[in-house]
Amino acid sequence: MIKLHGKMPKRDDGEPFVVRVVRGTPGSPLAGDREAYILGPDEVAPPGYRAYLSAGGAHLQSPGQTRVIWPIPEELSYLSDGDIVRINPKTGELWVVYRRSSPFNAMLLTERCNSNCLMCSQPPKAGDDSHLVKAYLDAIPLMAPDSAELGITGGEPTLLGGSLLQVLRACKEHLPDTALHMLSNGRLFNYLSLCREFEAIDHPDFMIGIPLYSDIPHRHDFVVQAAGAFDQTVRGIMNLARCGQRIEIRMVLHRETVDRLPQFARFVARNLPFVEHIALMGLEMMGYVKMNLEALWIDPVDYRQQLRQAVDVLRQHDLNVSIYNHQLCVLDRVLWPVARKSISDWKNEYIDKCRECAIQDSCGGFFASSSLRRSAHIAAFQSHEVCSPIAGVKKQVSNV
Amino acid sequence: MLPTLPLLNDRFLGAAAFRARVGTGYSLLPLRLIALDALRYVLTNFAGEHVVLPKAIARQFIRHELDSNSAVYDELKSKHFLLDDDSTVALDLLAVKYRTKQSLLANFTSLFMFVVTLRCDHSCPYCQVSRQSVDRHAYDMTIAAADRAIDFMFHSPSPAIKVEFQGGESLLNFELIRHIVTRVNDRNVLEGRDIRFVIATNLMCLSDEILSFCKEHDVFISTSLDGPRTLHNQNRPRPGGDSYEVAVAGIGRSREALGADRVAALMTTTEASLSQPVEIVDEYVRQGFNSIFLRPLSPYGFAVKTGLVTGYSIEQWLDFYRRSLEYIVELNYRGIPFREDYSSLILRKILTPYPTGYVDLQSPAGIGISGIVFNYDGDIYASDEARMLAESGDRRFRLGNLHTDSFEEVMSSDNLIDILSETMTECVPMCVDCGF
Amino acid sequence: MDADSPSQIVLCFDAQVYRLAAVKKAAYRFGDRCFAEILANVDGRIEVRLTPKSKTSALDLLEGEFRNEVLDQDLRESVAEETERVRNLLLAQAFSQVSLTDHAGESGDYRNDPLGIASSQVR
């Protein structure tokens, strides 16, 4: 598990700022006031940067200069050239906003939400968190334009209204070649007027992932803990489609959603056949799942049949379906081609048993949080059991 | 010890809290029902959803006596046969599904068949067309008629247009085909439609010149293949008795020049075919096709007029169809992907929200408003069958003539509107109630 | 028709239970097999006289099938009556460019949130 937050000694009373990390490329700064230079051992701090970070060792100050040098916390020592961090001088907080080398960068724009899903991995928090949008608006111009994909998540990003649109416009302006994927409960898209705003921005590569948990309205409402949510989300999906937006449907599999999985698949195929992708996702043992573990947990092996049927239905309708967050050993083999290595690198793990497994490389493994509960059927494959390499399992950038 | 149900953390509401409105306002959504057998009804709705229920359950459902906690209640609600106060989005979804089903209607006519000549070298007894011998050029479409047909065609608002060249043997008048393709493409520079050309031909006069023209203009080839050599040659006599050899060689040449996906074949089932379902399918597999369209004899044209063809009963046809289909299913189980196109169309109608565009299975019928035929003499017909019927004296389905009538006149003529309204299953007695 | 054979059956339907339209439709449906004469309101009943067109038809079988058909048709009539309004709404909606069922969603401003979606979380 890679840490994204670290603590440094408090240094001064300055306002928080966002900088791009420069490491190992001495020379004149490209955008010095928005860059932080990481000093190697015994390195003399070059002039012109907004901040200086130390990777350890002693540093020599040039005569007459008294620059503040922030020691990078041990757990963030991976920081490298092109990463973006936010430093809060008042608290000493160092937050890794963006990692240049990761295909899994996501912008958590708000922690507020108008739903309260039973299995939320990122439980909502009320209160003002506008510093998040501000940080990302500062960070977007510093991100590498060749990043393949960038996520937007929350909370519920659409609650931000105009600020969200501002973020989208910034992405379009600074990162036109970066695919943008937003997670939203879709409820506010019930207003056609909001969809029209997205249509007007006309981002070249934008997709919205929207969760839908049942074909039966009150079952969905229960899972998201909001009466009327099903109607709002479904109308939202239809409105977005009217406005030419690309849509993905996300289904999280747990005890309260797996029963009607085949019917759910049929419902999507018949009513929302225009969606571009359907992701069927395993539980992440985070946030509310910990509170509701016994009520939600079901061994994936126990819903193999429903999962198989659902995928069959979707594929028969020529829909693009993927399974996320499942280990290959708990899946029906015919589903292997749609299983994706979906877990973000910073929270992806394998367990001891996996080391003996012949197909570990093709398998998405576990969330770090899976130590809480795993399938009772995790088993290593011997190489003779799997005759050919599993070509179907692709790496998927998914912001999970 | 009783198993205890795992509980949610108490900051969450239980499922029951969200069920409060379930069952109240229980009302039916539009549906049709028909007995499937002695014990079951099939219920369908106009968006194409269906559900099969025991008759007793269906009656309970319609009398509002269904338990709102039952699985069947959920199924009917999920498939939009039933509405309650839990949700109203079913109305939006139903409307969109219906609109999708009807979407091709809005596009209007998209298939235009040009009968470029009635001349033909074959003398197939089942031919739907009253063919003319090869030297009778009076039965060729004139350039003037073709040009008017092109004008007429571009009056249709359809964004996608299919131009099909028919005969007779269409390639006997290849010069006119060349003229039409070139002119349509020139005009389409401004029109910007998605246009596809298909030549229906027996491949007899295929030449390198024709193939390179087809290659250059992305023209598709559609030919006839009735089955194995003996059957095909028996069905499709020509001087030399080598229709099969000509077709197979032509298919090969065309594929090589244009690509396999540009070449299609159609079969017609004669009385002699009825005993050879496996052989016919095998012939298609052997020739490298991945599908077949099993078609019965058409009751029009030459065949009926002359009595040259021995007909067969619907039962015989269905038996042939069933046996062919069984064999095709078996092929697929053996790992040979192969499709029967007519079943595919029907299944698409039953199982998906999408329309098929197949003119023979539409309400209202596709005549005129989906497909239209320009005969060699400039007459405009509602369908291919309509011109056959006219050849035998019944001109009911003749909609006008290219030289005298405009697109608007033809499309709004009483003649066409009357035919269309009589084919709307939504209003025809009994059809209106039919579950199928 | 052979005049000597018992060639007619008479069926009665309770007019309180069955709609006249259902009986008529059933008779129409059986039009290929028999002639039908319908007498409405005979002491609160609908009387149907069926005369098979071919005398090979088994009369008792015909009676059972006709009764089932009336049952089916009556079910259809009740569906049609109940769903007529919603059917018209759906057809109007299908060919309308705007939503007729969700006015607030269709024309409401998301910034004002007239449906209260942004704050509807249950806590």
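Trainee: Among contacts in chain C between residues at least 6 apart in sequence, what share joins residues at least 24 apart?

Mentor: Start with the term: two residues are in contact if their C-beta atoms, placed from the backbone, lie within 7 Å. In chain C, of the contacts between residues at least 6 apart in sequence, 57% join residues at least 24 apart. Keep in mind that this is a predicted model, where local features need pLDDT of at least 70 and side-chain atom pairs count only at pLDDT 80 or more, while totals for chains, interfaces and linings use all residues. Residues are numbered from 1 along each chain as its sequence is written, and chains are lettered from A and ligands numbered from 1 in the order in which they are written.

Trainee: What radius of gyration does chain C have?

Mentor: This radius is taken over C-alpha atoms, and the globule rule is 2.2 Å times the number of residues to the power 0.38. Chain C has 25 Å, whereas a compact globule of 123 residues would have a value near 14 Å. The C-alpha atoms of chain C fill a box of roughly 85 × 30 × 25 Å, taken along the principal axes.

Trainee: Which pattern does chain C follow along the sequence?

Mentor: Helices (H or I, at least four residues) and strands (E, at least two) are DSSP runs, numbered from the N terminus. Chain C holds three helices and three strands, and the pattern reads β-α-β-β-α-α.

Trainee: Now the sheet in chain A: in what order do the strands lie?

Mentor: Strands of a sheet pair through backbone hydrogen bonds, either parallel or antiparallel. Here, two strands pair if DSSP finds at least two bridges between them. In chain A, seven strands form an open sheet ordered S1-S7-S6-S2-S3-S4-S5, with mixed pairing. Its edge strands, S1 (5–7) and S5 (69–71), each pair on one side only. Strand S4 (residues 51–54) of chain A runs parallel to S5(A), joined by three bridges. Leu53(A) stands opposite Trp70(A) in S5(A).

Trainee: How many residues does the contact take from chain A and from chain B?

Mentor: The contact takes 24 residues from chain A and 24 from chain B. On the side of chain A that touches chain B, H5(A) gives the largest share, five residues. To sort that side by class, count Ala, Val, Leu, Ile, Met, Phe, Trp, Tyr, Cys and Pro as nonpolar, Asp, Glu, Lys and Arg as charged, and the others, Gly among them, as polar. The side of chain A that touches chain B then has twelve nonpolar, six polar and six charged residues.
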